[in-house]
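Me: Can you walk me through this one? I'd like to start with a single residue and then zoom out.

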Amino acid sequence: MAVEGIGLVIVAGLFTAVVCGVGTLPFFVVDEISDRVTVVLWGLAGGIMLFASLFGFVVEGLEEGSLVQVGAGLAVGIGLVIVADRVIANHEFEPRDMPDADFKKLVLIVGVLTVHSFPEGVALGVAFADLGVDGDLVLAGLAVPGLAVFITVAISIQNIPEGLAVAIPLHSYGLPNWKLFGWAVFSSLPQPVAAGIAYVFVTVARDFLPFGFGFAAGAMIYLVLHDIFPEGLAYGEDLPGNGRRELLVGVVLGVVIMLPVMLLTG
């Protein structure tokens, strides 16, 4: 089953990666994005990921296994992302403080976001665990589980602000728009790779599925609280209330968007 369905999983991962390029499209129309809109978009991404983690992976994990299994997955997911953060900690910087940055440093921005896109790919692969077993939607002759559709939509939408995060510094460096799009898509290419690996693992080792759900949730929750929300607030430093209101608006929008998606795919 893993070999039979892995192509569809990888296609879903490629789709989410391409959607990341959508975040660069505003620069095809305007030369600058306001800080207020940027903060709202980061809040939107965070709200979507938190909603998907809690009401998608954690709930599914508890249905498949015990609280201990899901909790262990959560802990490992958080731990591995912490390790990844520490590995790249010496390269952290504020894109808006880099007017004289060289191209090597700008490529590093893409590298940081590329590392962070891997857990999202794992989440996608885990969501397809019941591919061909359960689901009302049929693609390529396989029943697609509702959770897979839900998580694919969630990651796709939240990839848009990440694409914008790639585009803002590269645009300031003077790169043409088509390269902005290309770099944004490139930054999400680990998603189809990680999705394929995670899908094969949880399909072959079904006993690890609750752990896998917890792992995906833990990784995504940590990314939101440690990276996405602080990044959004960094863009809101000069706004009234330091951008907290705009961030909250984005979070609420994310929840409002994902509620009907959850109801339709549940």
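Predicted model: local features only at pLDDT ≥ 70, side-chain atom pairs only at ≥ 80, totals over all residues.

Reply: Phe-28 sits in the loop that runs between α1 (2-20) and α2 (35-64).

Me: Is Phe-28 buried, partly exposed or exposed?

Reply: Phe-28 is partly exposed, because its relative accessible area is 43%, and the partly exposed class lies between under 20% for buried and over 50% for exposed.

Me: Which residues form the nonpolar patch on the surface?

Reply: Phe-28 is in that patch, along with Val-22, Leu-25, Val-29 and Val-30. Together they have about 420 Å² of accessible area.

Me: Changing topic. What does the secondary structure come to?

Reply: Nine helices and two strands. Along the sequence the pattern reads α-α-α-α-β-β-α-α-α-α-α.

Me: Where is Gly-212 in that?

Reply: Gly-212 is in helix α8, which covers residues 209-235. Gly-212 is buried, because its relative accessible area is 8% and the cut-off for buried is under 20%.

Me: How far apart in space are Gly-212 and Gly-73?

Reply: Their C-alpha atoms are 6.2 Å apart, while in sequence the two glycines are separated by 139 residues.

Me: And for contacts in general, what share join residues at least 24 apart?

Reply: 84%, counted among contacts between residues at least 6 apart in sequence.

How values were computed: Residues numbered from 1 in each chain as written. Heavy atoms only, no water. Helix = DSSP H or I, 4+ residues; strand = E, 2+ residues; numbered from the N terminus. Contact = heavy atoms within 4.5 Å. Patch = residues over 30% accessible without salt bridge, like charges linked within 9 Å, V, L, I, M, F, W, Y side chains within 5 Å. Areas by Shrake-Rupley, 256 points an atom, 1.4 Å probe, with all protein chains shown as cover. Salt bridge = Lys/Arg side-chain N within 4 Å of Asp/Glu carboxyl O. Buried < 20%, exposed > 50% of the residue type's maximum accessible area, 1.4 Å probe, protein only.
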